[in-house]
Amino acid sequence: MYLFYLKEMKTLKIHRQHIKSYSERKISILINGKVVAHLKDGESKIIEVEQEDPLELQAKSWWCGSKKTMVPIQEFMSVEIITNPNFYNQSWILLGSLMTPILVAIFNNHKSLIFLIFLLICSCLLLYTVTIGRNKWLTLKVK
């Protein structure tokens, strides 16, 4: 005699928006800390989930990603991955503005106090971007 225990599976659809400037990188989808899928640019995947409790969902790509999001499980859910336009655009401006004082420092050997303060501020903002702010590049939008 065989006993089978069938769990009811819930469906989670994850879609990655098309982003021209970020299209080469795959985004890894983590559920409760485990990688369950990789998404290319503009791709969608359907994932079946057994767990009844809320899931901890996160998207990661290279060194950046999204915040961990607790997602309650329903019959069918949809999650969209988008780049956070506010953070993403500001960070590229920051990297561009950081190159100017570095190049001036290398080629001009300029040592004014204002220049050093500006360089310190840019360095702190860059350090924030790659440490604390690294989980603000992507946003998970639960529908």
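User: Which residues does L140 touch, not counting residues up to four places away in sequence?

Analyst: A contact here means heavy atoms within 4.5 Å. In this predicted model, L140 touches L57, Q58, A59, S66, K67, T69, V79, E80 and I81; L140 and Q58 are 82 residues apart in sequence, yet their C-alpha atoms lie 7.6 Å apart in space. The model is predicted, so local features need pLDDT of at least 70 and side-chain atom pairs pLDDT 80 or more, whereas totals for chains, interfaces and linings use all residues. Residues are numbered from 1 along each chain as its sequence is written, and side-chain values use heavy atoms, with hydrogens and water left out.

User: Is L140 buried or exposed?

Analyst: Buried means under 20% relative accessible area, exposed over 50%, and partly exposed in between, with a 1.4 Å probe and protein chains only. L140 counts as buried because its relative accessibility is 13%.

User: How many aromatic pairs does the structure hold?

Analyst: Rings of Phe, Tyr and Trp (its six-membered ring) pair if their centres lie within 6.5 Å, and planes under 30 degrees apart count as stacked, over 60 as edge-to-face and the rest as tilted. The structure holds 2 aromatic pairs: W62 and W63 are edge-to-face at 6.2 Å centre to centre, with 65° between the planes, and W63 and W137 are edge-to-face at 5.4 Å, with 80° between the planes. W62, W63 and W137 form one aromatic cluster, in which W62 is exposed at 65% relative accessible area, W63 is partly exposed at 29% and W137 is buried at 4%.
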